[in-house]
Amino acid sequence: FPAMDCIIQRLGCKNRADCEEAGRCEYRADDWKIEQDGGVCVRPHAVSNFTTDEGPQDMRHEGCSGDGNQFTPYGCVLSIDPASGGHTGGSNGSTVPSGGSGGVGSPGGSPEQQAACGRAGGKWFPFARTGAECEVPGFAFRRVAGGGFSGSGTHMCCLRWFGSGDHLDCDLFSLDDAQPRCEVCGGRWISMFRFRQTGRWILGRWSKNYEWMAREFTPVNRWLPVIQQHKLSQLWENIVQQVRAFPLKNFIQCRLNPTLDSLVGIAMQQPPVPKIGDAMILPGQVASQRLGGIYLETTATTHTGTGELTIELRLDGARSNLALVSEDANGTVSARLLQGSSSSASLTQLEASCYAVVMYNAKTVGQLIGDCVNFAPNTPLSGPVSICLPIDSTIPTNSAFGAHGFALKESSGTFSILTGSVTLQGSGTELCSNVQNAGIYCPTVRYSDFTSSSVVSADSTCPALQTVAATITQRAQVLQDSGFSGGGGMVLLGQATTTGAPAAPAFVVNVPPTSTTTTETVTVPPTTQAETTGMPASPTPTLMPTPAPGAQPTPAPAPGAQPTPAPARGTQPTPTPAQGALPTAAPVPPSKQTVVTGSLTLTVVDAASFASSSQVRASLRGGIAAGLPGVDASMVRISDVRATRRLTPARFLSSSVVVDYSILIPGSLPAGLTATTISNSGSEIMNGINGELAAASLTQFSVTGVAVQTPIIAEAAVGGSTAAPTQASSPSPSGLPPSSCAAAVRLPFTLVGALGAVVLLAWL
């Protein structure tokens with residue numbers, strides 16, 4: 001009713017029947033336009049639109065071309081313009097209802113629309129507002145004799161459908177006009193329009209929606225703890241810094257601890273066990289860490305507790321566990337020393353038998369093939385840890401040993417075999433196994449069958465180490481026979497001292513002399529003190545020994561006469577003052593010593609072999625001395641020789657050797673020796689090193705370049721004493737150079753302690 005400006009408004013249903021009939025008819029086209037037009041004009045698809053020339057093809061879309069037409073599975077929805085007498089020809093394809101220019105068309109469509117639809121070859125279906133009007137029984141496109149369509153049915157034969165129940169839809173219809181014929185071919189007879197019910201009848205019921213509550217005063221606020229964001233941020237930053245500092249801590253320990261622990265071991269008369277670092281493990285975390293040459297891998301069951309767990313790793317070197325005794329084939333142990341040309345006193349050429357320390361049933365059945373590790377968790381582990389220990393390729397192995405395994409060091413010299421499974425990793429450079437308990441674990445190789453009674457004990461002699469031990473014993477005996485009894489404090493090398501009670505032998509470390517000195521001894525009960533005095537070349541007052549009771553004193557020798565022999569060992573010479581006064585020695589000021597430290601980078605053929613050779617160090621000392629004015633080879637110390645690899649400007653790897661050295665020069669620097677001249681002396685040092693290598697028959701090595709780092713030069717005060725009474729010096733003990741006046745540090749130790757110190761110094 002456009003003229004009256006009326007609109008349709010949907011209100012509530014009057015009764016249950018109207019409610020259950022409420023819904024919408026789904027045309028699968030423009031439903032709003034269909035409602036405005038009062039119906040829809042549909043032209044069925046032609047069967048000829050299906051072709052099989054090149055296989056089954058659906059050509060239905062081509063029969064629904066034209067402006068405003070819409071393709072649907074059941075047919076082509078035509079856009080009808082009654083004024084044009086048929087199909088719309090407008091640009092937008094809109095249909096103008098017969099009632100005017102706008103508004104809702106006549107219910108069911110106007111006669112003009114229905115006639116125009118028929119002329120276009122379609123059938124007019126009035127707009128349905130109920131389910132009965134939407135889904136009408138009967139074939140939708142039943143033709144009559146005149147070529148038109150009759151009936152109001154909406155059903156067709158569906159050949160392809162989807163969904164189920166009220167949500168069943170079809171996307172392919174046929175033109176079968178009867179339900180039996182449709183179902184014979186496997187189709188479903190359904191309405192091409194689907195009614196979707198939207199109404200639902202609900203019976204009203206009385207219910208209480210309110211609840212009476214007495215008014216009362218109650219707090220509406222609630223106190224809650226609030227996290228301070230800046231505190232949380234600080235905590236997070238602290239944890240991050242701790243995690244970042246942990247690897248740095250391990251790096252510093254790995255670099256510093258070996259030297260520090262070695263010095264502590266010497267002072268404590270114990271083999272050094274340097275700390276490598278700490279491995280941190282978090283609960284339930286799978287992680288892997290590598291500390292030095294030791295690899296650790298944890299599982300989720302390694303640590304199931306709370307908080308972090310640390311495992312301390314210390315290195316117990318294989319050469320600190322060498323065999324000091326020999327054993328024959330019958331298992332008889334003796335401390336014999338092998339003599340002959342086969343014995344070697346060099347600690348750099350140890351045989352495989354020196355490492356044969358793994359015992360079973362009083363028989364030697366295996367040997368060490370690498371350094372041991374002291375595995376020490378701070379709390380017991382919940383599960384095992386996979387640990388890989390490096391295999392030292394420089395340790396020779398007994399060819400009779402064919403099985404790898406781990407051994408547990410239970411005490412000094414006692415190693416028990418662990419029968420757990422082991423694997424070789426890293427192309428045979430690491431031996432891996434699972435451990436859980438704290439202990440000292442060692443990589444070993446042993447007999448495959450070590451439990452049989454027919455096992456023959458392997459050779460465990462170590463001639464080189466036994467020769468060194470014998471040498472130390474002999475030199476200690478020489479010191480004792482010369483009257484050395486081990487008094488405390490600093491003494492001069494070559495000076496015998498006595499005390500009230502004998503002391504243990506001493507380990508003497510020589511320090512280069514710094515000035516021309518003489519040694520005088522004064523007896524001060526109950527101990528003897530040694531003083532180092534610097535004396536001029538002028539005549540020195542001579543103290544004569546006191547004669548025995550009743551004997552005449554010996555006159556002083558005339559100039560040029562032989563000095564009076566010293567009293568026999570065990571007697572104490574009594575000083576006789578000249579003219580009633582006791583002579584005193586002049587105080588000795590501290591002497592000055594210059595220390596030069598630096599490093600060289602050598603370009604060498606076969607750098608790895610050069611760095612590992614123990615014979616090149618003497619050539620390096622002589623070469624450095626030859627290239628620097630006023631420097632003697634005895635002043636040069638080589639602290640480290642290591643091979644490195646670096647990228648050249650041409651992006652190729654080049655091998656080189658870094659040599660760390662120090663020069664101890666008595667007094668000031670020689671003339672012409674400065675930090676600049678040392679930095680510019682690369683060619684002289686290279687020529688000197690090559691000359692020393694040729695003289696030592698090390699022609700396989702050739703230094704082609706030397707880069708000298710700017711050295712550090714420092715001065716230090718050494719020695720010095722206050723004035724004290726003097727006494728005639730005693731003769732030097734046999735076996736020690738009488739002309740040596742170097743300071744010596746004496747540390748009491750046993751023979752085993754001395755042996756450990758020598759082994760350590762030999763391998764540093």
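Reader: Which residues form a nonpolar patch on the surface, and how much accessible area do they have together?
Author: In this predicted model, the patch is formed by Ile227, Leu232, Leu235, Ile239 and Val243, which together have about 460 Å² of accessible area.

Reader: Where is isoleucine 239 found, and how exposed is isoleucine 239?
Author: Isoleucine 239 is found in helix H6, which covers residues 229–267. With a relative accessible area of 40%, isoleucine 239 counts as partly exposed, because that class lies between the 20% limit for buried and the 50% limit for exposed.

Reader: Switching to rings, how many aromatic pairs does the structure hold?
Author: The structure holds 11 aromatic pairs. In the pair of phenylalanine 125 and phenylalanine 141, the ring centres are 6.0 Å apart and the planes stand at 85 degrees, so this pair is edge-to-face. The pair links distant parts of the chain, with phenylalanine 125 in strand S9 and phenylalanine 141 in the loop between helix H4 and strand S10, 16 residues apart.

Reader: Are those two buried or exposed?
Author: Both phenylalanine 125 and phenylalanine 141 are buried. They also belong to one aromatic cluster, whose members include Tyr27, Tyr74 and Phe193.

Reader: And what is the geometry of phenylalanine 401 and tyrosine 447?
Author: Phenylalanine 401 and tyrosine 447 form an edge-to-face pair, at 4.9 Å centre to centre and with 75 degrees between the planes. They lie 46 residues apart, each in a loop. Phenylalanine 401 is buried at a relative accessible area of 8%, and tyrosine 447 is buried at 15%.

Reader: Last one, what sits over the ring of tryptophan 161?
Author: That is the charged end of arginine 188, 5.3 Å from the ring centre.

Terms used
Residues numbered from 1 in each chain as written. Predicted model: local features only at pLDDT ≥ 70, side-chain atom pairs only at ≥ 80, totals over all residues. Heavy atoms only, no water. Patch = residues over 30% accessible without salt bridge, like charges linked within 9 Å, V, L, I, M, F, W, Y side chains within 5 Å. Areas by Shrake-Rupley, 256 points an atom, 1.4 Å probe, with all protein chains shown as cover. Salt bridge = Lys/Arg side-chain N within 4 Å of Asp/Glu carboxyl O. Helix = DSSP H or I, 4+ residues; strand = E, 2+ residues; numbered from the N terminus. Buried < 20%, exposed > 50% of the residue type's maximum accessible area, 1.4 Å probe, protein only. Phe/Tyr/Trp six-rings, centres within 6.5 Å; stacked < 30°, edge-to-face > 60°. Lys NZ or Arg CZ within 6 Å of the ring centre and 35° of its normal.
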